[in-house]
Amino acid sequence: MDTFLLYLISVNAVAFLAFAIDWFLCARIPELDEKTANALVLDVFPIAGGAIGMLLALFVFGGRGRGHRMNKDNIAWWFLAFVCLVVWALVIAARYGFVALPASVGSIVAGWNLGRLKILGIYLAVINVVTFAAFVWDKHVAATGNAHDRRMPEARLLGLSLVGGAVGGMLAMRLAHHKTRKWYFVWGLPVFVVLDVVVVLFAHAGGLI
């Protein structure tokens, strides 16, 4: 078996096991769950390539004890895993030749499919307007009674940002002063912008755009 593939399988198995052990330990030692060092150690696994193992562990164990699988306590882990999954998917695409990386800057700016590029532009315009509106609406609800049944879940706001609406989200954060104290919004949205740009460039390199 290819060494790189073997590494990915191993690191995902270890990531799942590490999160399983952490869940059982935190269930018995609640104060461990509040330790920043504990979270930082677990963050290493998706960054190292274990995003699938982390996502599987979050799905299996995240619904136990706290109700919802995705909540304010673990949402940063979910989106770290999603981001790392995309990044490693791009690495795999380059590693196994699914995408030919551009040899020069000139090859990046040339050869775009203008029809598909126009569709992408329309999509990005729409998703950013929708994301901006979602952030502003959530801020409005929070400022006028904070009715939880009318609030936008953080997962939805982050999800809209991840699939292309990060610029609209950042603009709304600045203008509406919303989610500016949540580090995973402050740092996450700029990361999403960079990631989306890289995905588009990879799609272009693969002849999709």
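**Aromatic pairs and helix contacts**

Q: Trp 183: buried or exposed?
A: Trp 183 is exposed, because its relative accessible area is 55%, above the 50% cut-off. Bear in mind that this is a predicted model.

Q: How many aromatic pairs does the structure hold?
A: There are 14 aromatic pairs. One of them joins Tyr 7 and Trp 88, with 6.4 Å from centre to centre and 40 degrees between the planes, and is tilted.

Q: Which parts of the chain does that pair link?
A: Distant ones, 81 residues apart. Tyr 7 belongs to helix α1 (residues 3-28), and Trp 88 to helix α3 (residues 75-95).

Q: And Trp 88, buried or exposed?
A: Trp 88 counts as buried because its relative accessibility is 18%, and the limit for buried is under 20%. Tyr 7, at a relative accessible area of 37%, is partly exposed.

Q: Back to Trp 183. Why is the pair of Trp 183 and Tyr 184 called edge-to-face?
A: Because the planes of the two rings stand at 85 degrees, and anything over 60 gets that label. The ring centres of Trp 183 and Tyr 184 are 5.7 Å apart.

Q: Which residues do ring pairs link into a cluster with Tyr 7?
A: Phe 4, Trp 88 and Tyr 96 are linked with Tyr 7 by ring pairs.

Q: What sits over the ring of Tyr 96?
A: The charged end of Arg 95 does, at 5.1 Å from the centre of the Tyr 96 ring.

Q: Where is Leu 5 found?
A: Leu 5 lies in helix α1. Its relative accessibility is 38%, so Leu 5 counts as partly exposed.

Q: What separates the C-alpha atoms of Leu 5 and Ile 92?
A: A distance of 9.1 Å, although Leu 5 and Ile 92 are 87 residues apart along the chain.

Definitions and conventions:
Residues are numbered from 1 along each chain as its sequence is written. This is a predicted model: local features need pLDDT of at least 70, side-chain atom pairs count only at pLDDT 80 or more; totals for chains, interfaces and linings use all residues. Side-chain values use heavy atoms; hydrogens and water are left out. Rings of Phe, Tyr and Trp (its six-membered ring) pair if their centres lie within 6.5 Å; planes under 30 degrees apart count as stacked, over 60 as edge-to-face and the rest as tilted. Helices (H or I, at least four residues) and strands (E, at least two) are DSSP runs, numbered from the N terminus. Buried means under 20% relative accessible area, exposed over 50%, partly exposed in between (1.4 Å probe, protein chains only). A charge sits over a ring if NZ of Lys or CZ of Arg is within 6 Å of the ring centre and within 35 degrees of the ring normal.
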